[in-house]
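Please consult the sequence and the structure while reading the points below.

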Amino acid sequence: MTPNPYAWIDKSLDTIRRADWYRSPQLIESCPGPRVKLAGDWLINFATNDYLGLAGDDRLIQAAIAATQEFGTGTTGSRLVGGHRDLHRQLEQAIANLKQTEDALVFSSGYLANLGAIASIVGQRDLILSDKYNHSSLKNGAILSGSQTVEYDHCNVEDLRTQLEQNRASYRKCLIVTDSVFSMDGDLCPLPKLLDLARQFNCMLLVDEAHATGVFGASGAGCVEHFGCTGETLIQVGTLSKALGSLGGYVAGSAALIDFLRNRAPTWIYTTGLTPADTAAALEAVKIVQQEPDRRDRLQQNIETLKYAAFNNCQLPISNSISPIFSFPLKDAATALAASTKLKEMGIFAPAIRPPTVSVSRIRISLMANHEPAHLQQLVETLGRIAPM
Ligand code: PMP
């Protein structure tokens with residue numbers, strides 16, 4: 001019999017299934033919003049990163065339609081070779097204005113922004129210190145860079161200091177890398193303390209504002225603004241696909257950094273420019289983020305309402321977060337899957353998150369500015385009913 005070099009794929013899938021780690025996407029049959037249609041049923045949606053409810057906002061939809069009608073569906077080339085549009089620069093200037101940085105650069109996704117930024121600014125003779133719970137894109141950026149990477153304990157400034165004391169002197173450049181809001185637990189990094197250490201040990205600091213942009217800070221600039229660190233020399237990365245309701249990613253920082261990335265970042269140079277529709281929708285979203293702070297207020301109100309109901313009324317074991325992301329830990333992957341299915345039967349859409357994404361299986365809950373009190377009430381009651389699982 002001829003050997004089959006692809007036989008390992010079925011074996012690997014079997015292993016994934018046996019561990020209850022098998023994943024497949026769930027079909028959403030409606031526009032994004034606090035309620036979504038799944039398999040014909042309308043469920044309350046706690047499975048979205050659309051924190052401000054902008055992905056279904058008519059102003060973003062109209063901006064995308066107008067840009068498509070004027071400039072077409074695709075940009076047809078990389079930004080350096082025929083794929084550059086004035087809309088891209090407008091968006092980059094709007095992001096730089098929001099973030100109070102000298103400049104910004106838009107990528108085709110947040111994942112690509114992280115890969116490109118990290119792999120360009122550090123290399124084989126350099127050191128990366130990375131929070132253990134950092135997003136996959138930051139971890140893979142570190143691998144792509146070829147740098148020596150040391151993970152420090154999650155949000156543990158003392159461990160980071162120890163790692164710096166032990167390793168910093170052996171390397172040319174050093175980059176500290178962290179999420180600002182961690183995507184699975186919703187907790188915030190200790191940004192001011194990280195900045196202190198970066199200064200003390202002559203390190204660069206890259207902070208991923210994916211879940212913070214539009215959500216934290218008086219003008220929605222993110223955790224950098226929330227912690228009063230605006231104007232500090234750090235590298236901010238993020239996505240256009242969460243609170244900004246579109247698709248794409250960005251790096252914001254000094255004019256020199258952005259100029260350097262335009263000349264070095266492989267995930268920007270060798271990929272097609274962001275579509276006119278995505279660019280125009282994100283540009284509209286940045287304006288709304290700055291002009292409508294009440295959306296952030298409503299989101300904060302929803303976060304407080306959920307915590308009050310979960311902790312004071314029901315003593316539910318959800319994580320205590322000031323961000324819109326909460327986790328409801330469960331004992332294993334099978335239990336998390338069963339809980340998610342049960343929630344769906346009871347009208348709630350909240351995904352099971354399992355290894356290898358996280359070490360502790362859980363239901364991940366994310367809130368939107370346009371959830372209504374009745375939605376949160378139903379969430380708490382339903383979680384209360386499945387809590388003994
Ligand atoms: N960073 C973090 C912290 C994220 O959670 C995500 C998306 N899950 C990304 C980066 C990637 O962003 P995008 O979806 O735009 O690729």
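Helices (H or I, at least four residues) and strands (E, at least two) are DSSP runs, numbered from the N terminus. The model is a predicted one, in which local features need pLDDT of at least 70 and side-chain atom pairs count only at pLDDT 80 or more, while totals for chains, interfaces and linings use all residues. Residues are numbered from 1 along each chain as its sequence is written, and side-chain values use heavy atoms, with hydrogens and water left out.

**Overall fold**

- The protein chain contains 14 helices and 13 strands.
- Its radius of gyration (taken over C-alpha atoms) is 21 Å, close to the 21 Å given for 389 residues by the globule rule (2.2 Å times the number of residues to the power 0.38), so the chain is as compact as a globular protein of that length.
- Along the principal axes, the C-alpha atoms fill a box of roughly 60 × 55 × 50 Å.
- Of the contacts (heavy atoms within 4.5 Å) with a separation of 6 or more, 70% are accounted for by residues 24 or more positions apart.

**Burial and surface**

- Of the 389 residues, 53% count as buried; buried means under 20% relative accessible area, exposed over 50% and partly exposed in between (1.4 Å probe, protein chains only).
- The chain exposes about 17,300 Å² (Shrake-Rupley method with a 1.4 Å probe), and carbon and sulfur atoms supply 52% of this area.

**The annotated lysine**

- The UniProt annotation "modified residue: N6-(pyridoxal phosphate)lysine", from an unreviewed entry, covers Lys 242; UniProt positions are given in the numbering used here, feature names are shortened, and annotations may be inferred rather than shown by experiment.
- Lys 242 lies in the loop between strand E8 (235-239) and strand E9 (249-253).
- Because its relative accessibility is 15%, Lys 242 counts as buried.
- Apart from neighbours within four places in sequence, Lys 242 is in contact with Asn 49, Asp 50, Tyr 51, Ala 210 and His 211.

**Backbone features**

- Most residues other than glycine have a negative phi, and most peptide bonds are trans.
- Ala 39, in the loop between strand E1 (35-38) and strand E2 (41-45), has a positive phi near 45°; Ala 39 is exposed, with a relative accessible area of 67%.
- Asn 202, in the loop between helix H7 (191-200) and strand E7 (204-208), has a positive phi near 50°; Asn 202 is exposed, with a relative accessible area of 62%.
- The peptide bond from Pro 355 to Pro 356 is cis, with omega near 5°, and Pro 356 is found in the loop between strand E12 (352-353) and strand E13 (362-366).
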